[in-house]
Amino acid sequence: MGSNLDLVGTRIAVDGRRGTVRYVGSVFGQTGCWLGIEWDDPAHGRHSGEGLFTVNLPGSASFVRATSAKLVRPRPFLAALRDRYISSSNSDLAASLTARDVATAALALHNSVNNSATAETTDYSAQRSSGLGMRRPGEEVAVEMVGWEKVRSLLTNLASLTILGLAECAIGWVEEQELEGGNAAESKDVMADQAPGTIRATCPLVEDLDLSRNLFASWQAVARIACQLDHLASLRLNNNRLSLLPDHSLLTPAFNSLKILALISTLMPWDEMEALAPHMPNLTALHFGLNKLASFGKKYTTIEYSADFGSNAQTYSPLFPNLETLNVEDNQLTSWSELTNFVKQNTPSLVILNVGNNVITSISPAKDDEFRHLKFLNVSKNKINTYMSIHAMNSFSKLVDIRVKDNPVFDLQPPTTVSSFGGSAASADGVVLSHCSTADETISRLSKATRINGGVVSERDRSDAEMYYLNKVATWIYYLRATATAAISAVAKSTSDNNASSGVNHLESKIDALVTEFHPRYHELVRIYGVPQVTPTSITSNALKDRLISLVFCLAQEDSEAAATVTIVKRVEKKVPLSMALRALRALVSRVLGVRGGVLKIRGMCEGGARVVELEEETRDIGYYDFVAGDEVHVFVR
């Protein structure tokens, strides 16, 4: 690798911490040669270069002696490959391999000899003549793979491997003898002799390569490896720091066939990603999370750009014409309109979009052919703060799988009064304010989704949720109208105002505006299910009695399933909130009936037993089941 002076710009590691050498030389008050290192994780730094060099983040640097035994410098690809997969003993090989390597070999073994590997748990201190011991964090456990010698044989036969796991191997460069014909034959288009010792000859079948957490300093160093792997389709470079050098001659032959690229936590500027894109025309999946990405570029945010693209769309060449998956989670994106412009121009085939854990505040309805192929969207853990943004996703023609949890909009409570008219907060009884569970509400707001937040939404789930949601919204509207009308009448009576009727007329437009803002699907659901009948409690009451219902909880035993006879062992009458969820009710009945252990089956004998319902959905509240005072709830212990 040369002298210490050649280390400036080189990637190194110390005790597993990776960084970039920014300075080589003396340090005031110290003897010997020192390396000034900017750490990937700023938490490992102690200063900002002490005037000897500059860093990107204040406090991310420190000095390490150039002669330190802990200093790990980059090493060539094949040396790391042989150290990882070829060893003189089982224990050395076992210690160097990842779970992914083992799983890959085990699968290959199963397919080739039709002999499934089995596993058994044993005392970690026990010594085995063969087998792989793997300690899980915090556990004194070992796992022995029966048939490990065959697995080992497959793993050490590098020429047969299609998946290589070389994460955290300190790889940073390629020796000339690792390349076919030296520099002249680095292109996949040049068919040189497969001389022993070259990358192509050593592992010719590799399709999936993990080079995460290594010590590469540039894309060109990675390209020299990729050029030798004719079948490479998936490449992971997570947690590397790669600069893009001016010479791009190797990039196209190296990455032309690449389909999957992972660049998580590389802090790569997006303009460099766009510069790489033409060299990766067949890319179908790009993972670009944890890169502090705040914008795709000003050109995607200006009105002039949007208008220009709209009128000249046919003249633009997409950066990623075949991209189906774009993962930009855990970044700092703020603008949905910018994201829309970027996707519309550059990813015409996009099916999966992950923008979770960003700072997007709103989502706009799709126009024309925007997101026309999108089926999966993750916007969880953003800053979405309007219900209109949630309903905007209904405009995406093929979107059926949505993740939207942990956004502030779901903490937003609709108003309890029409502000222009005042009146008491009649809906403070909890039933109206908390329309329904978050799950029911989300299902009802997203009209096309068949999967929400990872859960499957069946037709029955949707109809139940929508009817329940519709009833709650109708109750909310009823109370809004009732309290505002009462306020108008009170004002008219006290002031002899003859224009009270105009206030009532204006009230309806105000209510319609609130419905549009908070419940845009209300009128659509009314057309599907009809207008719910609202049975009010006291219109202006905030009393606790109007929020409770008296039920009789019965510990029951089924004598004969065929005869459907039930013996009541214990009865307890108790008032419970209508807004109590079934999950909380289970805990309550366990306590009041003295049930310890077992699985509870709860059955509601509604309307004096005229209607029997099984209480099974944990997120439903008591009010959903339309109990009347005195109804029995039978509890069975299994």
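Me: Where is Ser362 found?
Reply: In this predicted model, Ser362 lies in the loop that runs between strand E16 (352-354) and strand E17 (376-378).

Me: Which residues is Ser362 in contact with, leaving aside its neighbours within four places in sequence?
Reply: Ser362 is in contact with Trp336 and Ser389.

Me: And how far is Ser362 from Ser337 in space?
Reply: The C-alpha to C-alpha distance between Ser362 and Ser337 is 9.1 Å, while in sequence the two are 25 residues apart.

Me: Changing topic to cavities: how many of 30 Å³ or more does a search of the whole structure find?
Reply: The search finds 1 cavity of 30 Å³ or more. The largest cavity has a volume of about 80 Å³.

Me: Which residues line the largest cavity?
Reply: The lining consists of Val343, Lys344, Thr347, Pro348 and Leu350, together with Asp369, Glu370, Phe371, Arg372, His373 and Leu374. By class, the lining of the largest cavity has 5 nonpolar, 2 polar and 4 charged residues.

Me: What is the volume of the second largest pocket?
Reply: The second largest pocket has a volume of about 490 Å³. It is lined by 21 residues, of which Thr20, Arg22, Glu38, Asn56 and Arg241 are the closest to its centre.

Me: How does the lining of the second largest pocket divide by class?
Reply: The lining of the second largest pocket comprises 8 nonpolar, 6 polar and 7 charged residues.

Me: On to the sheet: in what order do the 5 strands stand?
Reply: The order is E4-E3-E2-E1-E5, in an open sheet with antiparallel pairing. Strand E4 (61-65) and E5 stand at the edges, and each has a single partner strand, so one side of each is left without a neighbour in the sheet.

Me: What holds strands of a sheet together in general?
Reply: Strands pair through backbone hydrogen bonds, in either a parallel or an antiparallel sense.

Me: How many bridges join E3 to E4?
Reply: E3 and E4 run antiparallel and are joined by 5 bridges. Across this pair, Ile37 stands opposite Ser62 in E4.

Me: And over how many bridges do E1 and E2 pair?
Reply: E1 and E2 pair over 4 bridges, in the antiparallel sense. Ile12 has Gly19 in E2 as its bridge partner. The two strands form a hairpin with 2 residues between them, and Asp15 in the turn has a positive phi of about 55°.

Me: What joins E1 to E5?
Reply: E1 and strand E5 (residues 71-72) run antiparallel and are joined by 2 bridges. Val14 stands opposite Leu71 in E5.

Me: Are the residues of E1 buried or exposed?
Reply: All of them are buried: Arg11 and Ala13 point one way from strand E1 (residues 11-14), whereas Ile12 and Val14 point the other way.

Me: Last topic, helix H15: which residues are buried?
Reply: Tyr522, Leu525 and Val526 are buried in helix H15 (residues 522-529). They cover an arc of only 105° around the axis, which puts them on the same side of H15.

Methods: Residues are numbered from 1 along each chain as its sequence is written. This is a predicted model: local features need pLDDT of at least 70, side-chain atom pairs count only at pLDDT 80 or more; totals for chains, interfaces and linings use all residues. Side-chain values use heavy atoms; hydrogens and water are left out. On a 1 Å grid over the protein atoms alone, a cavity is a set of points where a 1.4 Å probe fits but cannot get out, and a pocket is an open set with protein on both sides within 12 Å along at least five of seven lines; lining residues have an atom within 4 Å of a point. Grid points are joined across faces, edges and corners, and a volume is the space filled by probe spheres set on the points. Ala, Val, Leu, Ile, Met, Phe, Trp, Tyr, Cys and Pro count as nonpolar, Asp, Glu, Lys and Arg as charged, and the others, Gly among them, as polar. Buried means under 20% relative accessible area, exposed over 50%, partly exposed in between (1.4 Å probe, protein chains only). The arc is that of the directions from the helix axis to the C-beta atoms. Contact means heavy atoms within 4.5 Å. Two strands pair if DSSP finds at least two bridges between them.
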